[in-house]
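I hope they are handy while you have the model open.

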Amino acid sequence: MSPDAPEPIAVFRARAARWMERHLPRWDDELMPTRALQNLLYDHGFAGIAFPTQYGGAGLTLEHQQAFVEETAVQDRQLPMENRVSIGMLGPTILDRGSEDTKERFLPSLLRGDSVWMQLLSEPQGGSDMAGSMTRLSRDGATFVLNGSKMWSSGALEADYGLCLCRSNWDVPKHRGLSMIAVPLKDTPGMSIQPTRSASGLVSDYCEEFFDDVVLPAGNLIGGENEGWAVAQTLLMHERNTVGNIGYGRLIGQRERGPKRMFGGEPAVSSAVAAHERGRLDAVGMMIVDAYIQSVVVPLTSARVMAGLRAGTHKGQWGSLTKLQSTVAAQASVRTALAAHGADGVIWEGDEVRVDNVGTTWLESRGGTIAGGTNEMQRNIISERLLGLPKEPAPDRDLPFSEVLRNTRRR
Ligand SMILES: Cc1cc2nc3c(=O)[nH]c(=O)nc-3n(C[C@H](O)[C@H](O)[C@H](O)COP(=O)(O)OP(=O)(O)OC[C@H]3O[C@@H](n4cnc5c(N)ncnc54)[C@H](O)[C@@H]3O)c2cc1C
C-alpha cells in the first residue's frame, strides 16, 4: 500500500464503528440538534468524508462515506438528516464549480454545520424552465446588485446561505446569460423571506424571497459570470443523487429493510391490520405486497447505480432514474396506506394538523415528485441523456433572451 493510498474500507469502517458506539446517539435517544450533531461529526473527522482535507473534509472517498452511513444504520445511530441539502447538494456543487477562494471560504463552515445552505432556483413564473430565470443580477464595479424573487425555497428561513440562479446577461440565448451567486440570508438589507403553506395545511419550510437592490460581493459568484447554467446542472445532479441516496448524497442508512420502513413511517403491518379490520384486506393486500417489494427494490437500485458509478460502467444522469423510482415508490406506498386505513386515515380530533396522519403524509408525499425537477422532467432526462432519444424541441434556445416572448410581452 502506498503512503498516499486511502485507508482500506474495512479498517475505516471498524474505526467508525468503534467511534460511533462511544459518541453518536441512537435514534431512540433524545434527538441531538442538527448543528450540534454536524459539529460532532466534523470534530471527529466524519463530516464531508469524501471532501478534500484542505476544505475541512476527511480526504477519503465516496465508498468510505457509504461505509460510514451503512454502519450508522447497523447501529441505529442518529445522523443530521436536515443537513442533507447542504452536505449532499450545495457543498459538492461548490466543490465541483467554485473558485479556490469560494471553496476555502465556504466549505469548512458548511461541513462543520455552522453555515447551512439551500438553493434559490425556482421562480413564480415556473420552475421546470430554470434557464428562463428572470431574477436580475447587475454588475456594479466590484459588487453585484440582485433584484427579483424566488419561491418554493426549502429551508430558507433557517439557512445561512442560498445559492441563487439569476440572469446576468439578457442579450444572449437564455442558457448563456445566467450566473450563480451565494446570497447570505440572515439580516441581508433589501431581502425578505416568508414561509408558504403546504397542501396539508402545515406552514411549510418552503419559502418565497424578494430581493430589492441586494448588494453582493463579486467574490460570491460560484462559477464564472454568465456560466451559471453549468453550475445549475451540477447542483441538480447532486440534488437527484441526494433524493436517490447515491453519490455525495448517500447520507441515509437503510435502517430496516422491510415493513417498518414502508409507507412513509406508517408500518405495513398496521396497514394490513387496518385493512383487515375494515374487511378490505382482499382489495388492498396486493397493494401492500407491491409496496413491500418496492421498499426492497429501491435501495437495491441505488446500490447498483452506486456500484456502476464507482466502476465507471454508469456515467451521466443516473440520479434521475433513482430519484424517479424512489419518489414514485414512496407515493405508491402512502397511497396504499391510505387505501388500507380508509376514512380513519384522514380524520383526527382537535384543530392541530396531525403530521403523523396517513392523510397528511399522502398530501405531503406529492412534493417528492415535483421537488428537484418533476417526474416529467426526469423522464425527459432519462430519455435524452441515458437512452439517447431525440431532444425535446426548444424554439427559444438560440434567441437572445430579451427577444424571447414571455406571456405575449417583450421585455
Ligand atoms: C417540496 C418541494 C420543495 C422544493 N424545494 C425547492 C427549493 O429548495 N429550491 C427551489 O428553487 N425550488 C424548490 N422547489 C420547487 C420545484 O423545483 C419546482 O416546483 C419544480 O421544478 C416544478 O416547477 P413549477 O412548480 O414551477 O412547475 P412548472 O414548471 O410550471 O410545471 C408545471 C407542469 O408542467 C410540466 N412540465 C413543464 N415543463 C415540461 C416539459 N418540458 N416537459 C414535460 N412536462 C413539463 C411539469 O412536469 C409540471 O407537471 C420545491 C418544490 C417542492 C414541491
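1. A word on contacts to begin with: two residues are in contact if their C-beta atoms, placed from the backbone, lie within 7 Å. Among such contacts between residues at least 6 apart in sequence, 72% join residues at least 24 apart. Please keep in mind throughout that this is a predicted model.

2. On overall dimensions, the C-alpha trace spans about 65 × 60 × 45 Å along its principal axes. The radius of gyration is 22 Å, which agrees with the value near 22 Å for a compact globule because the rule is applied to 411 residues. Buried residues account for 41% of those 411 residues.

3. The secondary structure amounts to eleven helices and seven strands. The domain assignment divides the protein into domain 1 (9–82 + 105–112), domain 2 (117–231) and domain 3 (256–386). Taken over C-alpha atoms, the centres of domain 1 and domain 3 are separated by 27 Å.

4. Now to the ligand, which has 21 residues around it; Leu121, Gly127, Ser128, Gly367 and Thr374 come nearest. Domain 2 and domain 3 each give at least three residues to this shell. At the level of elements, β1 (117–120), β3 (143–154) and α11 (375–386) each supply at least two.

5. Helix α3 (residues 62–75) is worth a look. From first C-alpha to last, its 14 residues reach 20 Å, close to the 20 Å expected at 1.5 Å a residue. His64, Gln65, Gln66, Phe68, Glu71 and Thr72 are buried in α3, and the elements covering the buried residues of this helix include α1 (9–23) and α8 (281–311).

6. What happens just after α3? Asp76 takes a positive phi of about 55° there, and this is a residue other than glycine. Asp76 sits in the loop between α3 and α4 (84–97). Asp76 counts as partly exposed because 15 C-beta neighbours fall inside 10 Å, and a residue needs 20 or more to be buried.

7. Asn226 deserves a check too, as another residue other than glycine with a positive phi, near 70°. Asn226 lies in the loop between β7 (203–217) and α6 (228–243). With 17 other C-beta atoms within 10 Å, Asn226 is partly exposed.

Definitions and conventions
Residues are numbered from 1 along each chain as its sequence is written. This is a predicted model: local features need pLDDT of at least 70, side-chain atom pairs count only at pLDDT 80 or more; totals for chains, interfaces and linings use all residues. A residue is near a molecule or strand if its C-beta atom, placed from the backbone, lies within 6 Å of it. Helices (H or I, at least four residues) and strands (E, at least two) are DSSP runs, numbered from the N terminus. Domain bounds come from an automatic or database domain assignment. The expected span of a helix is 1.5 Å times one less than its number of residues. A residue is buried if 20 or more other C-beta atoms lie within 10 Å of its own, exposed if 12 or fewer, and partly exposed in between; C-beta atoms are placed from the backbone. The radius of gyration is taken over C-alpha atoms; the globule rule is 2.2 Å times the number of residues to the power 0.38.
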